[in-house]
Amino acid sequence: MTLNGKKILMISESPYPEDTRIKNEATALTAAGYDISIIALNFKGRPFFETLDGVHVYRLPMITVFKKSHSRSSWFSLLLYRLRSAIGYIVEYVYFTSISFLLSLYIAIRHGVDVVHLHNPPNTLVVTGAFFRFIGKLFVFDHHDLAPELYLSKYNVGKDLLYRMLLFEERLCLRLSHMVIATNESYKAIDADRGPIDSDKIIIVRNGPDPNQFKLTQPDPELKAMGRTILAYVGIMGPQDGVDYMLRALHHLAYNLGRDDFYCVIIGPGDALDDLIGLSRELALEPYVRFTGFISKADLLMYLSSADICLDPNPSSPLNDVSTWIKVMEYMALGKPMVSFDLKETRHSAQAAAVYVPPNDVQAFAQAVARLMDDPIKREEMGRCGRKRIDDALAWKYSAEKLSRGYERLISRLAQFEPATVPPAESKLKGR
């Protein structure tokens with residue numbers, strides 16, 4: 001069994017190449033000599049099949065059963081939101097799991113599959129991993145999100161029956177896979193305990209940017225002409241991502257601290273985007289914020305290059321406390337200082353590149369932003385610290401090396417158990 005030339009099938013319910021982590025992993029493994037095929041969701045009308053930089057990409061149509069946004073104004077609206085979301089996610093996950101499984105069989109025939117590499121969520125993809133393992137292939141589980149904690153954080157509920165079902169589903173992924181990829185030490189510890197599985201089976205591949213691809217560009221002239229301190233947020237906007245905390249902090253900054261010298265660009269799509277735009281109107285933030293929705297990478301870099309301070313409002317929750325955020329790494333790669341709630345993995349990543357405030361305290365968040373607005377020297381120093389940490393430890397090249405070594409070790413270990421091929425002459429001698 002050779003290390004290179006193996007055929008890897010990745011499956012992810014996210015768009016490709018828009019999903020940065022999956023694109024980085026596919027690029028790294030292609031460079032290491034592997035043949036990569038990917039099943040992903042279609043986005044922005046891309047073709048069903050194309051080859052991008054040597055990667056064979058198959059895209060399935062995206063379906064949305066219910067729009068997963070909500071108002072928390074009453075217990076009834078929250079209950080209705082949970083019901084609609086549960087039905088929506090179940091239908092969408094069953095659809096993607098079923099169709100991607102059928103497509104994986106076609107890809108196995110057309111291209112060949114030696115390894116099936118599943119990116120969660122959903123963990124229902126374990127069906128495909130288990131099938132390929134049963135027929136003698138390798139199964140890699142790339143653990144992006146803790147589904148049970150996501151459920152607790154999103155709906156603010158207890159550890160009920162659905163939570164236990166999600167734990168069981170996750171345990172199947174951990175136990176049946178040959179290798180688990182975790183995003184940080186916290187995830188690795190959780191995976192080893194929940195499986196339970198040997199920690200040697202788990203490798204850590206952090207979400208790190210490529211400084212050669214993610215770098216400063218020409219700022220937006222319109223923003224710079226405002227003469228204000230430019231704030232920026234980038235990320236997916238779901239109910240659990242804390243953008244509502246950020247908006248309330250900006251309201252406090254403008255109307256309680258009396259600061260009218262800032263403007264915040266809020267970048268990204270998400271289920272909660274419409275609700276957040278409505279909340280910004282309720283908080284009278286129209287003069288201070290701009291929602292861009294989904295934008296191109298070039299525009300993203302332009303807006304972030306214009307920013308003086310970047311914001312990470314992820315609140316403390318069972319999920320957020322142990323997660324690593326790509327946006328934090330991207331802010332650091334561009335040398336931008338940030339304000340963040342004080343969460344374990346965020347502090348581990350950013351270190352001196354961020355000002356930390358007590359979790360979920362919007363007034364403290366606003367006050368930290370105000371102090372940083374008035375201290376350009378500190379902002380510059382924090383930006384340098386963040387960029388240095390990326391260059392020294394967190395750039396994608398370090399993660400790519402770990403990913404390649406993990407694959408080499410996995411395939412080498414399994415090669416030890418393959419029957420050796422005995423030359424005919426030697427076989428005759430042994431038979432005497």
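Reply: Let's start with a cysteine. Cys385 is partly exposed, because its relative accessible area is 33%, and that label covers values between buried (under 20%) and exposed (over 50%), found with a 1.4 Å probe on protein chains only. This is a predicted model, in which local features need pLDDT of at least 70, side-chain atom pairs count only at pLDDT 80 or more, and totals for chains, interfaces and linings use all residues. Residues are numbered from 1 along each chain as its sequence is written, and side-chain values use heavy atoms, leaving out hydrogens and water.

Another cysteine, Cys264, is buried, with 0% relative accessibility. Its sulfur lies 9.2 Å from the closest cysteine sulfur, that of Cys310, which is too far for a bond. Searching the whole structure turns up zero disulfides (cysteine sulfur pairs within 2.5 Å).

Cys264 also leads us to the inside of the model. Leaving out residues up to four places away in sequence, Leu250 touches Cys264, along with Leu231, Phe262, Leu285, Val289 and Leu311 (contact means heavy atoms within 4.5 Å). Leu250, Ile266 and Leu311 have the most contacts inside the largest nonpolar core, which has 68 residues. Such a core is a set of buried Ala, Val, Leu, Ile, Met, Phe, Trp, Tyr and Cys residues joined through side-chain atoms within 4.5 Å. Helix H13 (residues 362-373) gives this core eight residues, the most of any contributor. A second, separate core has 27 residues, including Ile39 and Tyr58.

Helices (H or I, at least four residues) and strands (E, at least two) are DSSP runs, numbered from the N terminus.

What are the partners of S4? Strand S2 (residues 35-41) runs parallel to S4 and is joined to it by five bridges; in this pairing, Ala40 has Arg59 as its bridge partner. Strand S3 (residues 49-52) pairs with S4 in the antiparallel sense over four bridges, and there Thr51 stands opposite His56. Two strands count as paired if DSSP finds at least two bridges between them. S3 and S4 form a hairpin with two residues between them, and Asp53 in the turn has a positive phi of about 50°.

Ser37 sits in strand S2 and is buried, at 3% relative accessible area. Apart from neighbours within four places in sequence, its contacts are Ile8, Leu9, Met10, His56, Ile107 and His111.

Now step back to the whole sheet. Eight strands form an open sheet with mixed pairing, in the order S3-S4-S2-S1-S5-S6-S7-S8. Its edge strands are S3 and S8 (202-204), each of which pairs on one side only. On average, neighbouring strands are turned by 20° against each other, direction ignored (axes are lines fitted to C-alpha atoms, for helices over the stretch in contact, and angles run from 0 to 180 degrees between N-to-C directions).
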